[in-house]
Amino acid sequence: MMQEMEEISCTLCGIELKDQDAAYGLTPGTIDEDCDGFRIDSDSDWDVYCADCMNEIDRMISAYRQKRSK
């Protein structure tokens, strides 16, 4: 018997993400040479973003970087 997947929603907009939907996850961690660069903090939850919200986050980061470089 297959176990049903836990409902996952975008952290920003709240849209429900279904199986096979494109999504992005961010979680705290540390830089760790033993695991090729990044070790996930297993005590923290993931923030999950839909593709539309991640695109908006990318635009905000880009605008911030451009503003800082002036």
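Arg39 comes out as partly exposed, at 40% relative accessibility (buried is under 20% relative accessible area, exposed is over 50%, and partly exposed is in between, using a 1.4 Å probe and protein chains only). This is a predicted model, in which local features need pLDDT of at least 70 and side-chain atom pairs count only at pLDDT 80 or more, while totals for chains, interfaces and linings use all residues. Residues are numbered from 1 along each chain as its sequence is written, and side-chain values use heavy atoms, with hydrogens and water left out.

The side chain of Arg39 pairs up with that of Asp32 in a salt bridge, at 2.6 Å from N to O (the term stands for a side-chain nitrogen of Lys or Arg within 4 Å of a carboxyl oxygen of Asp or Glu). Side chains of opposite charge can pair when their charged atoms come close. Asp32 sits at 16% relative accessibility, so this residue counts as buried.

Altogether, the structure has three salt bridges. Another of them joins the side chains of Glu16 and Lys18, with 3.4 Å from N to O. Glu16 is partly exposed, its relative accessible area being 38%.

Then there is the pair Glu56 and Arg59, whose side chains meet in a salt bridge at 3.0 Å, N to O. Both residues belong to helix 1 (residues 51–69), where they are three residues apart, or about one turn of the helix. Helices here are DSSP runs of H or I with at least four residues, strands are runs of E with at least two, and both are numbered from the N terminus. With a relative accessible area of 36%, Glu56 is partly exposed, whereas Arg59, at 51%, is exposed.

Away from the charged pairs, a nonpolar patch turns up on the surface, made of Ile31, Phe38, Ile40 and Trp46, with about 450 Å² of accessible area together. Patches take residues with over 30% relative accessible area and no salt bridge, joining like charges within 9 Å and nonpolar side chains (Val, Leu, Ile, Met, Phe, Trp, Tyr) within 5 Å. The areas come from the Shrake-Rupley method with a 1.4 Å probe, and for residues only the protein chains shown count as cover. Trp46 is in the loop between strand 5 (37–40) and strand 6 (47–50), and is partly exposed at 45% relative accessibility.

Thr27 sits in another loop, between strand 3 (23–26) and strand 4 (29–32). Leaving out residues up to four places away in sequence, Thr27 touches Phe38, Ile40, Asp41, Ser44, Asp45 and Trp46 (contact means heavy atoms within 4.5 Å). Thr27 has a relative accessible area of 14%, so it is buried.
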